[in-house]
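This report describes selected features of a two-chain structure in plain terms. Please keep the sequence and the three-dimensional view at hand while reading.

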Amino acid sequence: MTQNKDATDALMRINSERKLLRSSKNKSAEPLNDETLAARVARGDGAALEALYDRYASTVLGVALKVIGDQGVAEDVLQETFWRVWRSASTFQPQRGSFTSWLFRIVRNLAIDAYRRSNVRPQAKTGTDDSESVLDQTPDPDADVAEQAQAILKNRQVRKALASLPQVQKQVIELAYFYGMTRQEIAEATGEALGTIHTRARLGLLKLREELERDEFEG
Amino acid sequence: MSSKAKMDPRIEELLPFYTLDALSDEERGLVDSYLAEHPEVRGQIGDLQSAADALPFGVTPVEPQRRLKDALMARVAVDQRTSEQKQAPPPHERRWANLFPAFSFAIATVAVVWAVILNIQLSQLRNEVSALGDALVAQSNSLEQINAKLPQTPVSAVVTISLKGTEARPEAQGELIADPKSESAVMVITGLGQLEAGKTYQVWLIDAGGPKSAGLLTVDANGQGLLIVSSGSEIGSFNALGISIEPDGGSPQPTGDIVVLSDL
């Protein structure tokens with residue numbers, strides 16, 4: 001009972017912090033950037049974690065679901081990912097990379113581990129077409145409309161850039177990034193020489209970067 | 001471009017997989033070491049890294065159900081509350097602790113000794129309920145002696161040391177609860193058999209000068225005993241504790257079987 005009361009009190013405090021955060025956001029018309037929010041999370045600010053969750057939860061769940069292929073396990077990974085952000089935000093070092101790079105490394109590693117443990121995904125997909133993924137665009141009433149629009153725009157830009165890559169390059173990148181396969185494993189799975197896999201990965205990434213730059217993608 | 005020409009080709013071929021986080025630990029270590037030695041190469045990773053970092057945004061976003069967020073935030077709220085409580089104990093608790101250290105220790109000692117005794121009894125005398133009751137009454141009386149003898153010892157200094165039987169009595173086990181700076185301690189022991197008439201257990205504290213008698217120990221019908229050990233000097237200055245079987249009244253030095261011997 002005491003714990004429930006404590007949780008209720010703390011939730012009320014978080015709601016209050018959230019209002020302040022939104023109010024300051026509205027005044028400045030400039031949302032706090034990821035790194036600032038991460039620094040606040042490291043100081044124990046629950047509202048900052050919530051802001052990051054609102055910003056990235058749908059992408060994190062999308063990544064987890066793509067890797068695992070099981071909605072329930074993917075939701076567990078989503079929860080664990082943001083719990084780790086909460087508990088480990090002090091270890092995030094902005095000088096070593098962006099917050100999203102750190103965040104997506106967490107979800108990717110958790111998802112790949114979960115997949116390997118449960119083997120729930122029948123087989124790593126070799127294409128990059130996400131059309132068969134579960135698509136639920138039901139908007140969260142609390143989500144920031146501008147951030148939602150930004151997420152949709154980013155998604156379209158990256159998908160468009162990926163669509164411009166030759167299928168074999170896209171395949172190598174996807175197997176490595178989303179399924180955690182080493183270059184040797186990819187060579188074995190595709191029946192190609194290791195050198196070919198190196199070349200496809202390098203050319204694919206450079207082409208992807210070029211297309212994203214052309215489309216003024218902001219990561 | 002000139003720095004690119006200088007790059008080790010083995011490292012260069014690893015870079016795309018480095019940015020995709022798909023290297024083995026060994027390979028990653030190679031690249032990290034190389035980058036540490038050649039910081040000028042870091043610039044070449046930038047394009048590859050930014051492309052890799054964009055990949056998650058190409059996945060179809062899936063809006064999580066509201067209950068997931070609520071569950072996470074509730075967990076966070078409890079964690080926040082717990083952290084705050086750990087960091088800042090209520091002022092009245094601090095004041096109480098400052099004003100009554102001796103009383104705190106008395107309560108703590110009673111709790112610790114009770115816990116030890118109950119554990120031993122539960123594990124070894126599960127079926128002897130009536131005997132257990134008798135033992136507890138006897139030990140309760142002894143606890144009052146503990147409070148009387150150790151009222152000034154600060155709580156933070158108390159340590160618990162496990163005691164084990166020798167090959168002569170492997171089932172013997174117990175604990176010594178002591179402040180290393182104090183000259184007395186509480187010993188709880190079980191698994192010692194009742195001795196024949198004319199024999200007694202004698203407790204020894206052993207240092208470089210040899211064993212020094214710390215008191216005679218009587219055990220009950222269940223093989224349990226409790227003794228306020230008196231050392232004459234700081235408990236922390238001794239290296240070991242032993243229990244031997246001696247003639248009634250004790251001996252100046254151990255003469256019989258050693259049934260317990262443990263490092264302190």
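## Terms and conventions

The expected span of a helix is 1.5 Å times one less than its number of residues. Helices (H or I, at least four residues) and strands (E, at least two) are DSSP runs, numbered from the N terminus.

The model is predicted: local features need pLDDT of at least 70, side-chain atom pairs count only at pLDDT 80 or more, and totals for chains, interfaces and linings use all residues. Residues are numbered from 1 along each chain as its sequence is written, while chains are lettered from A and ligands numbered from 1 in the order in which they are written.

Helix 4 of chain A has 18 residues, and the distance from its first C-alpha to its last is 25 Å, close to the expected 26 Å. A residue is called buried if 20 or more other C-beta atoms lie within 10 Å of its own, exposed if 12 or fewer do, and partly exposed in between; the C-beta atoms are placed from the backbone. Among the buried residues of helix 4 of chain A are Val77(A), Phe82(A), Val85(A) and Trp86(A).

Val41(A) belongs to helix 2 (residues 34–42) of chain A. Why does Val41(A) count as buried? It has 26 other C-beta atoms within 10 Å. Two residues are in contact if their C-beta atoms, placed from the backbone, lie within 7 Å. Leaving aside residues up to four places away in sequence, Val41(A) touches Ala48(A), Leu49(A), Leu52(A), Val85(A), Trp86(A) and Ala89(A). Val41(A) and Arg87(A) are 46 residues apart in sequence, with 8.6 Å between their C-alpha atoms.

An α-helix has 3.6 residues a turn, so residues three or four places apart point the same way.

## The contact between the chains

Chain A contributes 62 residues to the contact and chain B contributes 40 residues. On the side of chain A that touches chain B, helix 3 of chain A gives the most, with twelve residues.

## Strands of chain B

Two strands pair if DSSP finds at least two bridges between them. In chain B, four strands form an open sheet in the order 1-2-3-6, with antiparallel pairing. Its edge strands, strand 1 (159–164) and strand 6 (225–230) of chain B, each pair on one side only. Six bridges link strand 2 (residues 173–178) and strand 3 (residues 184–190) of chain B, and Leu176(B) has Met187(B) in strand 3 as its bridge partner.

Strand 4 (residues 199–207) of chain B runs antiparallel to strand 7 (residues 240–247) of chain B, joined by eight bridges; Tyr201(B) stands opposite Ile245(B). Strand 4 of chain B also pairs with strand 5 (residues 210–217) of chain B in the antiparallel sense, over seven bridges. These two strands, strand 4 and strand 5 of chain B, form a hairpin with two residues between them.
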